[in-house]
Amino acid sequence: MNGTVTVLDKGEVRIHSYMAPEKSVNVTSQIIETPERLIVVDGQFLAPFADEAAEYARSLGKPIDRLVITHGHPDHYAAAARWGAPLVSLPEVRDAILARGDVHLPTGGLVPVADVTPDGSVRVGEEVVDGVLLTFEHVVGGEAHDQLLIALPDHGVLIAQDLVYHDVHLYFGERDIDGWQRAVSLLAQAEGYDTVLAGHGLPTTPAVFGELERYLADAAELLGDDGAAYKAAITKRYPEYGGQFVIDIANRSLFPGAAG
């Protein structure tokens with residue numbers, strides 16, 4: 001297997017966290033296994049890793065009820081159609097995906113937006129699936145303007161996706177460090193959770209919020225008007241973090257014409 005699967009046994013529910021390798025930005029798909037079905041959170045960027053994760057999901061022997069897309073960045077949905085499941089999201093996330101249009105992959109391929117547009121049927125609030133309580137919250141600001149936070153409060157799990165990165169450099173292409181700081185501060189105040197699932201990186205604990213707060217503060221300090229200088233400074237401060245090319249991708253938006 002090219003990706004990494006971490007299985008979290010929470011009694012009546014298990015979560016299978018699939019992390020793609022670094023060449024696909026360590027992006028994660030979360031497979032929530034209830035007694036009768038699977039709910040997938042985010043569908044991967046590149047087809048080979050979506051196929052690998054979907055094959056793993058099929059090996060669990062339960063139907064995929066739906067694939068939830070948490071936000072409108074293609075690394076989380078460009079390969080969502082490979083799962084063969086209904087695609088759902090918040091209405092605001094659907095609108096962001098439609099506004100972005102067709103996805104041009106780094107491999108040279110093209111994903112038509114019609115193939116990956118969710119139905120916008122997710123609503124904020126609670127849902128009980130096979131006796132498992134899930135909560136859905138719309139978070140504004142941060143890595144993307146509109147993001148879906150999913151929690152399993154009875155099992156101590158926060159599925160934060162791109163509100164949280166774990167040991168991977170953060171993407172600031174939408175220029176909203178302040179919004180991200182506010183979002184992380186709110187997450188850090190949540191009580192009763194021992195497991196946090198990141199959009200990039202392995203499953204972690206609430207200790208990650210302190211790490212994110214430090215990184216965001218450092219980025220706010222270091223992010224001037226020179227992309228190359230920022231990359232050199234932030235990677236020197238966090239040499240153990242993966243995904244340095246995430247900085248390059250963000251710099252193309254932050255500093256048009258920057259070399260890296």
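A residue is called buried when its relative accessible area is under 20%, exposed when it is over 50%, and partly exposed in between, with a 1.4 Å probe and protein chains only. A salt bridge is a side-chain nitrogen of Lys or Arg within 4 Å of a carboxyl oxygen of Asp or Glu.

The model is predicted, so local features need pLDDT of at least 70 and side-chain atom pairs count only at pLDDT 80 or more, whereas totals for chains, interfaces and linings use all residues. Residues are numbered from 1 along each chain as its sequence is written, and side-chain values use heavy atoms, with hydrogens and water left out.

Glu52 is placed in helix α1, which covers residues 47–58; helices (H or I, at least four residues) and strands (E, at least two) are DSSP runs, numbered from the N terminus. If contact means heavy atoms within 4.5 Å, then Glu52 touches Met1, Asn2, Gly3 and Tyr18, not counting residues up to four places away in sequence.

**Pairs of opposite charge**

Side chains of opposite charge can pair when their charged atoms come close. The whole structure holds twelve salt bridges, and the table lists some of them.

| Salt bridge | N to O distance |
|---|---|
| Arg14 and Glu33 | 3.2 Å |
| Arg66 and Asp65 | 2.6 Å |
| Asp218 and Arg237 | 3.1 Å |

The salt bridge between Arg14 and Glu33 links distant parts of the chain, with Arg14 in strand β2 (residues 14–19) and Glu33 in strand β3 (residues 28–33), 19 residues apart. Arg14 counts as partly exposed at 32% relative accessibility, whereas Glu33 is buried at 8%.

In the pair of Asp218 and Arg237, Asp218 lies in helix α4 and Arg237 in helix α5 (residues 227–237), so the pair ties together parts that are 19 residues apart in sequence. Asp218 is buried, with 15% relative accessibility, and Arg237 is partly exposed, with a relative accessible area of 38%. Elsewhere, salt bridges that share partners join Arg37, Asp65, Arg66, Glu127 and Asp130 into one network.

**Empty spaces**

Rolling a probe the size of a water molecule over the atoms shows where empty space is left. On a 1 Å grid over the protein atoms alone, a cavity is a set of points where a 1.4 Å probe fits but cannot get out, and a pocket is an open set with protein on both sides within 12 Å along at least five of seven lines; lining residues have an atom within 4 Å of a point.

The structure holds one cavity of 30 Å³ or more, and the largest cavity contains about 40 Å³ of space. Its lining includes Tyr165, His166 and Tyr241, and helix α4 (residues 207–222) gives the most to that lining, with four residues.

The largest pocket has a volume of about 610 Å³. Of the 22 residues that line the largest pocket, the closest to its centre are Phe45, Pro74, Asp75, Tyr171 and Ile249. Helix α6 gives the most to the pocket lining, with six residues.

Methods:
Grid points are joined across faces, edges and corners, and a volume is the space filled by probe spheres set on the points.
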